[in-house]
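Biologist: I would like to learn how to read a protein model feature by feature. Could we go slowly, with the general idea before each case?

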Amino acid sequence: MPIFVLPYPAIDPVLIHLGPFAVRWYALAYIAGLLLGWRYALHLVGSPRLWGAAGAPAQREQIDDLIVWMALGVVLGGRVGYVLFYDLPYYLAHPVAIVQIWHGGMSFHGGLIGVVTVVWLFCRRHRLSVLGIGDVVVCAVPIGLFFGRIANFINGELFGRVSNVPWAMVFPDGGPLPRHPSQLYEAGLEGIVLFCVLAVLAHRTGAPKRPGTLSGAFLIGYGLCRCTVELFRQPDPQIGFLVDGLTMGIVLSLPMIAAGIILILRARRVPDRPGP
């Protein structure tokens, strides 16, 4: 037990009240992630040198349409994923609570499934390359992950395990003992580090000319980051540890890593598209 711990910066989860409505940091995090991710996606498809002679996988106007689909996929997939993966017995007993998303409860892995679904539907409708569009989308996803994890920190949720590291904090709902600020670990790894890795791959290695490479790199990168942070994050109380320290986050991330490896191996068998 450390003598000194960092004080938790108690920030009101509600930024401002507008009559009966509350503007929450968590909602603003989703909005910021979607808007900034949209702008970055426009930047990517607007850079011809990244894509070779075949050109970008979508027009800017199509990316404008895709952001609406993405918002639906993230919210619906994230909520359904949380219900199914993390607290199904509770929601079966209280079905009305499923739609009460303002009380919290979103799953990244569910959101990922939702995004993959809407991207597939969008590409099918507009006759676009699923892997090409996927490569654009995954480069922008870490932006949303960063803001989402910062919002988790502001809410004092998804905190880490008890620790004596000098930067441990006592969270309002985490008991009297200091804990890892695992939300900040995730913001750094899943947000900043993963964004930078994908940006380097996109702008410096010619990865966009091999469709599926960036998508595979994201799946592997996120899976590894999440598995690492799960070693410090407190498991959800309604689930706890599964087997020998294994958590639901790790179980859901391992298939991502396997899928990422398959995508990269597949992409390596496809010749580079020539440059412009």
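Modeller: Let us begin with a term we shall need: a residue counts as buried under 20% relative accessible area and as exposed over 50%, with partly exposed in between. Please keep in mind that this is a predicted model.

Biologist: Is R127 buried or exposed?

Modeller: R127 has a relative accessibility of 79%, and because exposed means over 50%, R127 counts as exposed. This residue sits in the loop between α4 and α5.

Biologist: What can the backbone angle phi tell me there?

Modeller: Most residues other than glycine have a negative phi. R127, however, has a phi near 55°, which is a positive value in a residue that is not glycine. D244 is likewise not a glycine and has a positive phi, of about 50°; D244 lies in the loop between α7 and α8, and with a relative accessible area of 81% it is exposed.

Biologist: How many residues does helix α5 have, and where does its kink lie?

Modeller: Helix α5 runs over residues 130–155, which is 26 residues, and spans 35 Å from its first C-alpha to its last, close to the 38 Å expected at 1.5 Å a residue. The kink, of about 30°, lies at A140, shortly before the proline P142.

Biologist: How should I describe two helices that pack together?

Modeller: Two packed helices are described by the angle between their axes and the distance between the axes. Here the axes of α4 (residues 108–126) and α8 (residues 248–268) cross at roughly 35° and come within 10 Å. On the α4 side the contact is made by F108, H109 and L112, and on the α8 side by G249, L252, S253 and M256. Of the residues in this contact, four are nonpolar, three are polar and none is charged.

Biologist: And how do I read a nonpolar core?

Modeller: In soluble globular proteins, nonpolar side chains tend to be buried together. The largest nonpolar core in this model has 38 residues, and those with the most contacts inside it are I63, I133 and F218. Helix α5 gives the most to this core, with eight residues. A second, separate core has seven residues, including V83, Y91, M248 and L252.

Biologist: Which residues does F218 touch?

Modeller: Leaving out residues up to four places away in sequence, F218 touches F108, L112, V138, V141, P142, L145, L194 and L198.

Notes: Residues numbered from 1 in each chain as written. Predicted model: local features only at pLDDT ≥ 70, side-chain atom pairs only at ≥ 80, totals over all residues. Heavy atoms only, no water. Helix = DSSP H or I, 4+ residues; strand = E, 2+ residues; numbered from the N terminus. Expected span 1.5 Å × (residues − 1). Bend = angle between axes of the 7 residues up to and from the residue. Axes fitted to C-alpha atoms, helices over the stretch in contact; angles between N-to-C directions. Contact = heavy atoms within 4.5 Å. Nonpolar A, V, L, I, M, F, W, Y, C, P; charged D, E, K, R; others polar. Core = buried A, V, L, I, M, F, W, Y, C linked by side-chain atoms within 4.5 Å. Buried < 20%, exposed > 50% of the residue type's maximum accessible area, 1.4 Å probe, protein only.
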